[in-house]
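Look at the structure first, then read the points below.

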Amino acid sequence: MHYPWDVTGDRQVHINAPSAVYSSIGALSIVGMVFTAPPARHTTFRDFGTKSFPLFFTTSMVPWQYVLGRWLGALLVNIGVFSSLGVGVALAHAMPAWPEAWLGPGGPLVYLYPYLTIVIPNLILTTVFFF
């Protein structure tokens, strides 16, 4: 008998297996990369559009500190937005509608590993490109 999560043909893979969680969070984050542009793009453009940037440069801040601070702020906003992917996948796996045979042992590291290897590196690159 073949189930929807049966990706190998002969073996059954649990829906909360590390490979299934990795591929689902990875695919959702790749699709969602188009949403990294607005937080990255509007942070600096807004300062120059409203002509408030001279206020920042009256302090002892040098321009590279200003740009780095705005970029890190945009990156943290994007990481905060994309953290909902892991929370959503974890909540979907915790739903009581799944039969016990479909679920395997899991833990928080299963949901954290895709962030360390796919989501955060891609967010760093796309925030650089869109900034």
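Helix α2 has 13 residues, and its first and last C-alpha atoms are 17 Å apart. That is close to the 18 Å expected at 1.5 Å a residue. The expected span is 1.5 Å times one less than the number of residues. Helices here are DSSP runs (H or I, at least four residues), numbered from the N terminus.

The model is predicted: local features need pLDDT of at least 70, side-chain atom pairs count only at pLDDT 80 or more, and totals for chains, interfaces and linings use all residues. Residues are numbered from 1 along each chain as its sequence is written, and side-chain values use heavy atoms, leaving out hydrogens and water.

**Helix α2**
- A kink of about 30° is centred on Thr43. The bend at a residue is the angle between axes fitted to the seven residues ending there and the seven starting there.
- Which residues of α2 are buried? They are Ala37, Ala40, Thr43, Thr44 and Asp47. Buried means under 20% relative accessible area, exposed means over 50%, and partly exposed lies in between (1.4 Å probe, protein chains only).
- The buried residues of α2 pack against α3 (53-57), α4 and α5.
- After α2 comes Lys51, with a positive phi near 55°.

**Thr43**
- Thr43 sits in helix α2. Thr43 counts as buried because its relative accessibility is 12%.
- Leaving aside residues up to four places away in sequence, Thr43 touches Arg70, Ala74 and Phe131. Contact means heavy atoms within 4.5 Å.
- Thr43 and Gly86 are 43 residues apart along the chain, and their C-alpha atoms are separated by 26 Å.

**Helix α5**
- Helix α5 covers residues 108-130, which makes 23 residues. At 1.5 Å a residue it should span 33 Å; its end C-alpha atoms are 31 Å apart, which agrees.
- α5 has a kink of about 45°, centred on Tyr115.
- The buried residues of α5 include Val110, Tyr111, Pro114, Tyr115 and Ile118.
- The buried residues of α5 pack against α1 (18-31), α2 (37-49) and α4 (63-93).
- An α-helix has 3.6 residues a turn, so residues three or four places apart point the same way.

**Phe130**
- Phe130 lies in helix α5. Is Phe130 buried or partly exposed? Phe130 is partly exposed, because its relative accessible area is 36%.

Conventions
Helix = DSSP H or I, 4+ residues; strand = E, 2+ residues; numbered from the N terminus.
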